[in-house]
Amino acid sequence: MPASIDFHAPQAPDLGGLSLGDGDALEVGRSLFELMRAPSLEIHQPDQFIGIDLLGGRRYLNILPPMATVVSVNVGDNVMMPIHANRINDTTIAAQGPMTAAANRHGIPAFFAAALDQRVQSIVNLTNQADGLKNATVSVEYWPAVGDTTTFVIGSRTIEVTNNGVRQYSGYRIVDLSVAEPATNTVRGISIYQFTQWPDHGVPRGEAVDQFMLFMDVFERESGSSNTIVHCSAGVGRTGTFIVLRQLLEGIRNGSITRGNLLETIRDRVWEGRIARGWAFVQSPAQMVMLVERGLDEASEHNMRRGAPIATDSDGRDTLEATGGAGTGGPAYDTPAMTLSDVEDMLRAGRIVDPQDGNRLVIPSDAWVTILNGLSAEELKSLAMFGTSMLRPELGYGPDVLRPVYRAYAGKRFQVFLAKGQSIDQISAFVQNSPNYRPGTMLGQAARDVLTEMVQRSLASRNRSR
């Protein structure tokens, strides 16, 4: 929690006996949201906002930034003015998305000035073109076209923003900018990571869930611990959920958060966010449910990587690697060994297609199976996530391209689980309860297909032994 936050703020509400054993993630998440609703409204009283003038304006009358943690912009001669943004921790700022020039002429200039002042290197943009009734004031693309430079003036400062290129993927894009202030010889590279499949007040659904987790993985890999601004429209719901989810995933992966303290940790991180940003930080029951679901799923994944029984606590960390002959089956084929990078290059070029479809087929189906068998479980997971970002249905590269990859990934993971002592019943329960394997998704269907085959083989083996 930032040092500037008032530590005399009300304490987080007691969980009142609520635990992950009370029901599924849906019930627990909704209950936690309701438990925190009334206490959160008492953290910041309306009179503290009277007379405050926000540079860049405010989009919603009931969403105001607490002054204890507000971010201010230097408009020249060290004159500081607050904007609609708050510091959540040492490296993260939650902000309202910039308003269009027509709605507020200072919105975009103030946003980029704050990015320079706060030494920001990454911006997470969770808005899209259908953000609801206030869409007319949302500047979804507040950066110039590729190759262009836009000059912004804020007070006595002049800031130049150049678009160096856009990397477009399925469900998200990355915009690479240079932000310069000639008067101070300052030039900073800033990348905007925009996820476009998250509805206002809601959560990603269906295929968008896989796209979002890939988006988070890419962001973490590229940005690391860099200073980051996270925003949506108001900068509280989707923004708060993203920030808390990052904290949860980091804690689970480094061993400081387990299933045993997950619920308490979610409450504490949301409470701290509401102290820093306001009552609407994680704005809807669905968003709280998402935190519980994703936290439980990651905790289970972490345990499985260590070979621990499903749904138990664990400290430390390990990696999941498939070894020996734990593959997906299929005929041997005389083909050169291929690395993950080789396969990604083929996928990027659009040369891997549905093995049942002869169009654009570069390698025979049995060779494709052999190549997949040669990759580890972690490599297959990486390939599946990478491939999801490369799908271009309009060019003929639809979901069928990746079905064999997801199938190979599920098969190899389950073989590793068996090798580590997990029973088929345990694996089945894990699949049924894991948000990652939800029905209707490519990975979910692949997991169910492979499980069905495992059960059939097991039954056949028993019958033969009698």
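Contact here means that heavy atoms lie within 4.5 Å of each other.

**View 1. Overall fold of the predicted model.** In this predicted model, the protein is built from twelve helices and nine strands, and buried residues account for 53% of its 466 residues. Of the contacts with a separation of 6 or more, 67% are between residues 24 or more positions apart. The protein exposes about 20,200 Å², of which carbon and sulfur atoms supply 49%.

**View 2. The surroundings of Leu-126.** Once its neighbours within four places in sequence are left aside, Leu-126 is in contact with Phe-195, Trp-198, Phe-215, Val-230, His-231, Cys-232, Arg-238, Thr-239 and Phe-242.

**View 3. The largest nonpolar core and another core.** The largest nonpolar core has 51 residues, and those that touch the most other members are Leu-126, Phe-212, Phe-215, Phe-242, Ile-266, Met-288 and Leu-291. At least two residues of this core come from each of helix H1 (25–41), strands E7 (172–181) and E8 (186–195), and helices H3 (207–223), H4 (237–254), H5 (259–277) and H6 (285–305). Apart from this core lies another, of 30 residues, including Val-71, Ile-83, Phe-112 and Ile-159.

**View 4. Confidence along the chain.** The protein averages a pLDDT of 78, with 74% of the residues scoring at least 70. Confidence is highest in strand E3 (residues 92–95), at a mean of 98, and lowest in helix H7 (residues 340–348), at 63. The pLDDT is below 50 over residues 1–8, a stretch that has twelve contacts in the model beyond near neighbours in sequence. Over residues 307–336 the pLDDT is also below 50, and this stretch has 68 such contacts. Where pLDDT is low, the predicted coordinates should not be read in detail.

Terms used. Residues are numbered from 1 along each chain as its sequence is written. This is a predicted model: local features need pLDDT of at least 70, side-chain atom pairs count only at pLDDT 80 or more; totals for chains, interfaces and linings use all residues. Side-chain values use heavy atoms; hydrogens and water are left out. Helices (H or I, at least four residues) and strands (E, at least two) are DSSP runs, numbered from the N terminus. Buried means under 20% relative accessible area, exposed over 50%, partly exposed in between (1.4 Å probe, protein chains only). Accessible areas come from the Shrake-Rupley method with a 1.4 Å probe; for residues, only the protein chains shown count as cover. A nonpolar core is a set of buried Ala, Val, Leu, Ile, Met, Phe, Trp, Tyr and Cys residues joined through side-chain atoms within 4.5 Å. pLDDT is the predictor's confidence in each residue, from 0 to 100.
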